[in-house]
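Me: I have a few "how do you know" questions about this one. Can we go through them together?

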Amino acid sequence: MKALTKMIWKYVGATYVASVLMGVGSTVAMAQEVINIGFSGPLSGGAALYGKNVLFGLESGVKDVNKEGIKIDGKTYTLNLVGLDDKYAPSETAVNGRRLVQENKANFIFVPHSGGTFALQTFNTRSNFLILSFSSLNAVLEKKNPLTVRIPEAYERYFPTYIKFQMEKYGKKLGIATTNSDYGRTFSKDFEAAWKNAGGEVVANNLMAYNTSADFYSGMGRVLAEKPDVLLIGGPSEPTALVAKQARELGFKGGFILTDQAKFNEMERVLGDYSILNGSVGVVPLIPEVRPESIPFMEEFAKNHPSVQGKAFSSDITLNYAMVRILAIAMELANSKDDLKAIMDKLDEAVKKLPPQYNPIQITGFKNGSLIYNSSVALVEDGKLVRHALIEEKK
């Protein structure tokens, strides 16, 4: 098991996407027995690791669902995944979405960023496809789009815990240096309001281009010039690790708050260990030391999907893997692959029928357009991750 947690990521590049797309042509002859599902996300650029992890989770879910198939109206269907690179650009997501619907007849499209979600929401009800959004922004659901599923829970649940831990240990002066994506801007705005509401002060706010840069010294220097006690950082894991490293090199001694897109175990691979991240708080990664309940899933998954060797287990992989299985169960319960409203109506029941061995993050239900699951946070103390329960905000 220790070896499982020490794997090193290997980029698979375009060959990975090609392997996903190869399935399309081979299924044309059996089109009546195949359900195409689409993916549009970053497979190149600074967020490539993030997009590839989501895609890998989807591909693995499809592979496992297809072992038994999906039983609908007396027929057995298999899933076919079509994955497209959008470079984290919403305009590209829109182009990909139209292509997936028109060329591949996809009724379901997974997208792992809010900007892409918003782009698809402008036409998905008209084109009749379900968006499965891997974004924790409340705005994804605030648009009241009836054919949108949000896979992660809202990030606001973490705020009271983050704020209490960091204010008590380091102080009330916050510097903001997150990614400048739609997600980063919204997360920063919401967290700034929560920090101020708790009696804190925001002394600097300088969002940076995590997806196109590897040099954050000048941007971080501007933030640190205001002498913050705590830094809010985060975006895709790899550039977030570089932001933390460069902040330390510039003399920052305070605590880090990570956005939920950044994963501790992926950052550790860039940094070598957790020492640079001492005093950090973020979401709990999928590693045995802090999430032992996930061990059976991880061992079984590694046995069934050997290509996981070299990847860090994360919610990006496991939540999307689980969502494919939930979607398949919901289609069977609705006895339809086309009636999207009926499928949506069966998602909560489908979650409850998801076998525990496929549910390492303990998803408990589906309500108001979003999955619900048991959450906690992780802190880095003396170079080690420590898990803590959430402090629920008083209403």
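Me: Why does glutamine 246 count as buried?

Reply: Its relative accessibility is 6%, and buried means under 20% relative accessible area, exposed over 50%, partly exposed in between (1.4 Å probe, protein chains only), so glutamine 246 counts as buried. Keep in mind that this is a predicted model, where local features need pLDDT of at least 70, side-chain atom pairs count only at pLDDT 80 or more, and totals for chains, interfaces and linings use all residues. Residues are numbered from 1 along each chain as its sequence is written, and side-chain values use heavy atoms, with hydrogens and water left out.

Me: What does glutamine 246 touch, not counting residues up to four places away in sequence?

Reply: Ala214, Asp215, Phe216 and Tyr217, with contact meaning heavy atoms within 4.5 Å. The glutamine 246 side chain also reaches the backbone nitrogen of tyrosine 217 at 3.2 Å.

Me: And valine 54, why does that count as buried?

Reply: Because its relative accessibility is 1%, valine 54 counts as buried. Valine 54 sits in helix α2 (residues 48–65), and beyond residues up to four places away in sequence it touches Phe39, Pro112, Phe134, Asp316 and Asn320.

Me: What puts the buried residues of helix α12 on the same side?

Reply: Those buried residues are Phe297, Met298, Phe301 and Ala302. They cover an arc of only 125 degrees around the axis, so they lie on the same side of α12; the arc is that of the directions from the helix axis to the C-beta atoms. Pro296 and Lys303 are exposed on the other side of α12.

Technical notes
Polar contact = N/O pair within 3.5 Å; in protein donor to acceptor, adjacent residues only side chain to side chain. Helix = DSSP H or I, 4+ residues; strand = E, 2+ residues; numbered from the N terminus.
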